[in-house]
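Dear colleague,

Please find below the structure I am handing over to you.

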Amino acid sequence: MAEKVLQRLRASLQQRGGGTLPLANAFKEFDTDGSGSLNWEEFCSALRNCGLTPSPQDVRMLFLECDKDGNNEISLTEFIDTLRVCIFFLQLHNYIFGCYY
């Protein structure tokens, strides 16, 4: 279930553009305290702002997936690294699907 929520988050952010700059801009919007990282509350708010309402367990799994260094905050680099690769694969999937189906 968490993977589906992550895919929906990626799709929502892809609508802003799939490159690094749109992801960085989204991150800055989500980082309401300007600390340069997303804490738990900011991450939950970001999901809601993207129209997502995952279960608390899925939110925790997503947070841990993004928080690569385990410091209980998601840095800009962690955010971009986690989402950028998946957005590329989503774009590739959509391209292939459009060509063959």
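I begin with Asp-31, which is buried yet has no salt bridge. Please note that this is a predicted model. The nearest side chain of opposite charge belongs to Lys-28, 9.2 Å away, while a salt bridge would require a distance within 4 Å. Asp-31 lies in the loop between helix H2 and strand S1 (37-38). Its side chain does reach the backbone nitrogen of Ser-35, at 3.3 Å. Leaving out residues up to four places away in sequence, Asp-31 touches Gly-36, Ser-37, Leu-38 and Glu-42.

Glu-42 leads on to helix H3, which spans residues 40-49. Within H3, Glu-42 is buried, as are Phe-43, Cys-44, Ala-46 and Leu-47. At the start of this helix, a side-chain oxygen of Asn-39 comes to within 3.1 Å of the backbone nitrogen of Glu-41. Just after H3, Gly-51 adopts a positive phi of about 80 degrees.

The largest nonpolar core comprises 21 residues. Among those with the most contacts inside this core are Leu-38, Phe-43, Leu-47 and Leu-9. At least two core residues come from each of H2 (20-30), H3, H4 (56-66) and H5 (76-100). H2 provides the largest share, namely five residues. In soluble globular proteins, nonpolar side chains tend to be buried together.

Finally, which residues does Leu-9 contact, leaving aside its neighbours within four places in sequence? They are Leu-47, Cys-50, Leu-52 and Leu-83.

With kind regards

Definitions and conventions. Residues are numbered from 1 along each chain as its sequence is written. This is a predicted model: local features need pLDDT of at least 70, side-chain atom pairs count only at pLDDT 80 or more; totals for chains, interfaces and linings use all residues. Side-chain values use heavy atoms; hydrogens and water are left out. Buried means under 20% relative accessible area, exposed over 50%, partly exposed in between (1.4 Å probe, protein chains only). Helices (H or I, at least four residues) and strands (E, at least two) are DSSP runs, numbered from the N terminus. A polar contact is a pair of N or O atoms within 3.5 Å; within protein, one must be able to donate a hydrogen and the other to accept it, and residues adjacent in sequence count only if both atoms are side-chain atoms. A nonpolar core is a set of buried Ala, Val, Leu, Ile, Met, Phe, Trp, Tyr and Cys residues joined through side-chain atoms within 4.5 Å. Contact means heavy atoms within 4.5 Å. Lys and Arg count as positive and Asp and Glu as negative; His and the chain ends are not counted.
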